[in-house]
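Let's take a walk through this protein together, starting with the whole chain and the sheet and ending with a few single residues. Keep the sequence and the structure at hand as you read.

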Amino acid sequence: MTSLNEQLKALYESTWDTFAKALKESNAKVAYPFLLSTNKYENGSNIPSEKWYTNADVKVMVFGQEPNKWMQDEESVKSGDCESKIQFFAGSEPETVECVMGIYENQYSNYGFDEIGRELYFHKNNKTFPNLGCNNFTSQLYEKIRNKVIACIWNDISKLATIDGKPITTDVHDIEKKYFNVIPKEIEILKPDIIVFLTGGESHYIEEKFPKIKFERICDEYEDKDVARVCNIPNVKLAYRTWHPGAYKAGKPYYRCVEAIVSDVIKNLKL
C-alpha cells in the first residue's frame, strides 16, 4: 500500500517543475513552499513512521495564513540540499520535493508529551503558531476526550510567503493558484476529521480552494466573522474558521472562539 507521504510526494511532484519555473520567471524572491510530510523518526530510528497519524483516533489539520520564515533553521535546511537558507530556487535548478518535505520533517513533525500524557505538537524552536495555534486547540480538545489520541498536521492556506515572511503579491499568488493548487488534494489524501482555519475573518483563500463552502454561526456570543463552522469541504466531518492567534493582541476574542469550536466539536463529532 502506498504511504501517505508517498502520495503527498507524488502530488507535489506532479506540477513541481512547471510551478518552480513560473516562480523563477516571475523574479519573485519567495521562501520555500510549505510542503507537508507525515514522516516521523522515532527513538533514533532512520526509518520513518506514519503511525503517529494513521493510528490516531482523531486527526486534526490546523491552517495558518502563510509560512512565516518557516525554513530559517540551520538544522532544517541542510547544507548541500538547498542553495539558500531563505530563498527557494536561488540557484540554477529548483530544490527537490523530497528536500523541501525534509524541511517540514525536521522542523514541524516533532511530537512530545506534557506532564499528564497529552501528545502535543511542538516546534523545537517554540515558535508562536504551533503553541498558541495547534497545541492550544488540541490540548483543549484533549481535555474533553481524554481517552482518545489526537494527531495534528500543521498546514498554511497560502503555500508561499516572501523571504521576509510577508504575504506574497497577487501575481505570485496567481502562480500558486494556477500551478500548485494542492490543498484540496492534501485533504483528500490525509482525511482529517477536523479542520481549523486560523486565518482570520477574510475567507477568500478558503473560498478559492473550496467554491461550494458555506459558513454557519456556531454560538450566540460571536458573529460568524469571528468564528464559524465551514460546511461543504468534501470528506471532512467538521471544519471551522476563526482568528489567527496573533489577532489576540489586536483585541480579537481568539481564545474564546477556540473554546466555542471545541464545544461544537464535542456536540457534533461522533467518537
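A residue counts as buried when its relative accessible area is under 20%, as exposed when that value is over 50%, and as partly exposed in between. Keep in mind that what you are looking at is a predicted model.

With that cut-off, we can begin with the chain as a whole. The protein chain has 271 residues, and 55% of them count as buried. DSSP assigns nine helices and eight strands to the chain. Among the contacts in the chain with a separation of 6 or more, 71% are between residues 24 or more positions apart.

Now find the sheet. Six strands make up an open sheet with mixed pairing, and their order is β4-β1-β5-β8-β7-β6. At its edges are β4 and β6 (214–217), each of which pairs on one side only. If you compare neighbouring strands of this sheet, they are turned against each other by 25 degrees on average, with direction ignored. As a reminder, strands of a sheet pair through backbone hydrogen bonds, and they can do so in a parallel or an antiparallel way.

Helix α7 (residues 183–190) lies across β1, β4 and β5, and it runs at about 165 degrees to β1. Helix α9 (residues 254–268) lies across β5, β7 and β8 (238–242), running at about 165 degrees to β8.

Two other helices meet each other. The axes of helix α2 (residues 16–26) and helix α6 (residues 170–179) come within 10 Å and cross at roughly 165 degrees. That angle is why α2 counts as roughly antiparallel to α6. The crossing of α2 past α6 is right-handed. On the α2 side the contact is made by Thr-18, Phe-19, Ala-22, Leu-23 and Ser-26, and on the α6 side by Val-172, Ile-175, Glu-176 and Tyr-179. Sorted by type, the residues of this contact are six nonpolar, two polar and one charged.

Is Gln-87 buried or exposed? Its relative accessibility is 17%, so Gln-87 counts as buried. Beyond its neighbours within four places in sequence, Gln-87 is in contact with Lys-29, Val-30, Tyr-32 and Ile-163. Phe-89 is buried as well, with a relative accessible area of 9%. The backbone of Phe-89 deserves a look: its phi is positive, about 55 degrees, although Phe-89 is not a glycine.

Asn-232 also has a positive phi, near 80 degrees, and is a residue other than glycine. You will find Asn-232 in the loop between β7 and β8, where Asn-232 is partly exposed at a relative accessible area of 45%.

One last stop is Gln-107, in helix α4. At 1% relative accessibility, Gln-107 counts as buried. Gln-107 and Trp-70 are 37 residues apart in sequence, and their C-alpha atoms are 8.1 Å apart in space.

Terms used: Residues are numbered from 1 along each chain as its sequence is written. This is a predicted model: local features need pLDDT of at least 70, side-chain atom pairs count only at pLDDT 80 or more; totals for chains, interfaces and linings use all residues. Side-chain values use heavy atoms; hydrogens and water are left out. Buried means under 20% relative accessible area, exposed over 50%, partly exposed in between (1.4 Å probe, protein chains only). Contact means heavy atoms within 4.5 Å. Axes are lines fitted to C-alpha atoms, for helices over the stretch in contact, and angles run from 0 to 180 degrees between N-to-C directions. Helices (H or I, at least four residues) and strands (E, at least two) are DSSP runs, numbered from the N terminus. Angles under 35 degrees count as roughly parallel, over 145 as roughly antiparallel, 65 to 115 as roughly perpendicular and the rest as oblique. A crossing is left-handed if the near helix is turned anticlockwise from the far one by less than a right angle, and right-handed if clockwise. Ala, Val, Leu, Ile, Met, Phe, Trp, Tyr, Cys and Pro count as nonpolar, Asp, Glu, Lys and Arg as charged, and the others, Gly among them, as polar. Two strands pair if DSSP finds at least two bridges between them.
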